[in-house]
Amino acid sequence: MEGFAPEPEQFPVYPMREQVSFPHMVFPLFVGREEMALLDAALRADHLLVIVTCFSTRLPCAWHDLAPIGTLCRINRIFRLQDGSCKATVEGGQRIRLRECCQHSPFFVARCEPIVEERQPGLVAEALVQSVHALLKIALASGRPLPGDVLKMIDQVEDPGRLADLVAVYLNPGLREAQRILEILAPLERLKEVYLLLTAEVQKLQVQGEIQAGVSKRVGRSQKEYLLREQMRQIQEELGDDDPRQSELQELRRRIEACNLPDAAQRVALRELSRLEHINPGSPEYTVARTYLETLSNVPWQTGSDDQLDVAHAQQVLDADHFGLTEVKERILEYLAVRSLRPTSHGPILCFVGPPGVGKTSLGRSIARALGRQFIRISLGGMKDEAEIRGHRRTYIGALPGRIIQEICRAEVNNPVFMLDEVDKIGQDFRGDPASALLEVLDPEQNDSFTDHYLDIPFDLSRVMFITTANLLEPIPHALRDRMEVIHLSGYADRDKLEIAFRYLIPKQCEENGLAGHDLEFSRAAVAKLIQDYTREAGVRGLERQLAAICRKLARQLAQGESAPHRIEAADVEERLGARKFFTDAAAGEDRVGVVTGLAWTEAGGDIIFVEATRMAGKKDLQLTGSLGEVMQESARTALSFIRSRAADFAIDPSIFERSDLHIHVPAGAIPKDGPSAGITIAVALISLLSGRPARRSVAMTGELTLTGRLLPVGGVREKVLAAHRAGVKTVLLPALNRENLADLEPELLTEIRVVTVASLEEVVEWSLLPAPAAASRPFAPASGSFAAG
């Protein structure tokens, strides 16, 4: 090349680590600010410098790190940059050999000897040149790209040495391989090496082509779509657009990795995710798998809230939210004490049994607040499908987890307070028995590995505090009842309702009805009148409704611009709510023959009943009316048989049974009644009828009577005593075996009503029947009573 020195001279030496510089190669050279002295020296040396390959990565490199042969290059153009560096366009000239180093610092200057190549014309050279041209065309056809101007230049080159250098640059071998080719000085030998490298490259391209052709033949429609989507994804990445499907899969993977799954769940999740990546998004299986993974990642496997184990704080919260309920509060405080001593203890399975309106559901919320936990409530009333508890199999369209897992996912913690409301009202049909499915959920020994059918992975429910509620205990299956700790919540006494009204209900209703700024007050007499004359319940739900009715009427007056009183007295209650609905002196009416006051226990709490008996001429027939159940009918027959066997002891003429029909009726005939606790009430009604002795309406009784006259204990003592107190009863008769239940009664209640325990029917008769009237000349005359409340 013209302009290059043919004799040994001194040139600046530039070590290059990125590539090998070949003759006739034009390339950019970036020179840093610290190397500008070298570039300036080259410019002074007629724009010439020697570029030599350096195989060492250390800075600065040593003289012995440089290759012995390099390329003498000319600097054609320089672009100086603002940071002090520059970009130079460099063209390779001829090979050059380094002889000795004349300068080491600040850059190398070497004495160099140019290498002059000899031309070697002949048939071998022509054949090699033609073969290389042919291989280049094959490489181009096989997919190896080459710029058009380079291809045109190669087509015009006939010199073997120059062709070898150009093809070597095109092949771009490794650094050491390229330096080895540069150091081959004989043109034909160098071209032969390049020919071998080009042959290997062409063979590799052909093999790749064959493989791709074979694969393309076997690619089905789904695989073609996959390849197209991959190409589309790549295009979208280049354009800056996101692939929605890939973004979705990446988000799923991120959520799975972040939710700290157990090992078993992690393996299932990764397997499903890998399967999802190969499913066509248009397939129904894609939606099923994606929904499953989303659900799996939403389950709080390891996430729980920290319990507040401060017993004093929990006591304050429970007392602030509920009045009374001492047994329940003590049980919760005991649980907190155990958790503070043993944090790994299982949560209790509590069952609150009591009439409506006594605060079972609100008590669950209070417990959650005292513990610092999330509160979940689901109603089991009318539930008939087992899948509501255990979930559906994923094979079904629209399958979902059961309500247990769904609500835990919604709460986002694995240790909430979980209330299963109305557990006594679960149904069952051909779809399964939900009560049986609850056996695993409510068993502390099994629920640490509860398996929902949808998840199909064990989930630990042992940290959940389950609370169930029921109005009656009898409908709950025995196996389920055995797994729960039953706590009875009986009704409230009138004084308790007064306290609840002033502490909770009145402030709540004033707030809800917009009277917070009105300074409304209720007198104690007004609230007492509401309790006694307008409600008849064990709880306080009806009382709250009546308070809300008064508040609404006051709110209407204020909204219409009228003046409204700031204090509600007893006289204002009837004016705003109308005539009273219940009579508290129902048991204080006339003492009558054959009409006896009894006590009953229903799912709504305790209540009083009246048993009426009458006699007419007949042939020993016994009629029972009032929707009496089978057990209650048997109690009536048992009472009659016992009285007939002991007629003389009760001053009854034995012959009266031969010529009379007896009829026993319990009013409120539309309401079904059953149970054995009315046995002594029926017996006393018959004795009153047949002996002509009036029964005291102010005396109520309950107890089961056997055929031999023994009095057996009954349940619901507190509820029955409270019902008697509400109805104005003065004396309650209980079997002697119920004496221990008197401890459940408040001392204040026992000061207002007399509770007597009796051991025999004779004692019951003495307490409940008056002496026969002196003027009663016909003690066995027909008598009857009616259910007159008042």
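**Cavities, confidence and local geometry in a predicted model**

Trainee: From which domains does the lining of the largest cavity draw at least three residues each?

Mentor: Please keep in mind that this is a predicted model. The protein is divided into six stretches, which include domain 4 (311-488) and domain 6 (592-768). The lining of the largest cavity takes at least three residues from each of two of these, namely domain 4 (311-488) and domain 6 (592-768).

Trainee: How many nonpolar, polar and charged residues make up that lining?

Mentor: The structure holds four cavities of 30 Å³ or more, and the largest of them has a volume of about 50 Å³. Eleven residues line this largest cavity, and the closest to its centre are Val353, Gly354, Pro355, Trp601 and Glu719. By residue type, the lining divides into five nonpolar, four polar and two charged.

Trainee: What distance separates the centres of domain 3 and domain 6?

Mentor: Domain 3 covers residues 260-298, while domain 6 covers residues 592-768. Taken over C-alpha atoms, the separation of their centres is 67 Å.

Trainee: Which helix has the lowest confidence in the protein?

Mentor: Across the protein the pLDDT averages 82, and 91% of the residues score at least 70. Confidence is highest in strand S23 (residues 731-735), at 93, whereas the lowest mean, 67, belongs to helix H3 (residues 148-156).

Trainee: How many contacts beyond four places in sequence does the model have for residues 775-790?

Mentor: Over residues 1-7 the pLDDT is below 50, and that stretch has 18 contacts beyond near neighbours in sequence. For residues 775-790, where pLDDT also stays under 50, the number of contacts beyond four places in sequence is 37.

Trainee: Is Lys620 buried or partly exposed, and what is its relative accessible area?

Mentor: Most residues other than glycine have a negative phi. Phi of Lys620, however, is positive, near 60°, and this lysine sits in the loop between strand S17 (605-617) and strand S18 (622-625). His24 also has a positive phi, near 70°, and is partly exposed at 29%. Lys620 is partly exposed, with a relative accessible area of 48%.

Trainee: Why is helix H19 described as largely enclosed, and how many of its ten residues are buried?

Mentor: The buried residues of H19 are Ala526, Val527, Ala528, Lys529, Leu530, Ile531 and Asp533. They pack against helix H18 (494-512), strand S14 (521-522), helix H20 (541-559), strand S15 (567-568) and helix H21 (570-577). Helix H19 (residues 524-533) is largely enclosed by the rest of the structure because, of its ten residues, the number buried is seven.

Trainee: Which residues does Ala314 touch, leaving aside those up to four places away in sequence?

Mentor: Ala314 is in helix H11 (residues 311-321), where it is buried, with a relative accessible area of 0%. From Ala314 to Gly606 the C-alpha distance is 31 Å, across 292 residues in sequence. Not counting residues up to four places away in sequence, Ala314 touches Leu333, Leu336 and Ala370.

Note on methods: Residues are numbered from 1 along each chain as its sequence is written. This is a predicted model: local features need pLDDT of at least 70, side-chain atom pairs count only at pLDDT 80 or more; totals for chains, interfaces and linings use all residues. Side-chain values use heavy atoms; hydrogens and water are left out. Domain bounds come from an automatic or database domain assignment. On a 1 Å grid over the protein atoms alone, a cavity is a set of points where a 1.4 Å probe fits but cannot get out, and a pocket is an open set with protein on both sides within 12 Å along at least five of seven lines; lining residues have an atom within 4 Å of a point. Grid points are joined across faces, edges and corners, and a volume is the space filled by probe spheres set on the points. Ala, Val, Leu, Ile, Met, Phe, Trp, Tyr, Cys and Pro count as nonpolar, Asp, Glu, Lys and Arg as charged, and the others, Gly among them, as polar. pLDDT is the predictor's confidence in each residue, from 0 to 100. Helices (H or I, at least four residues) and strands (E, at least two) are DSSP runs, numbered from the N terminus. Contact means heavy atoms within 4.5 Å. Buried means under 20% relative accessible area, exposed over 50%, partly exposed in between (1.4 Å probe, protein chains only).
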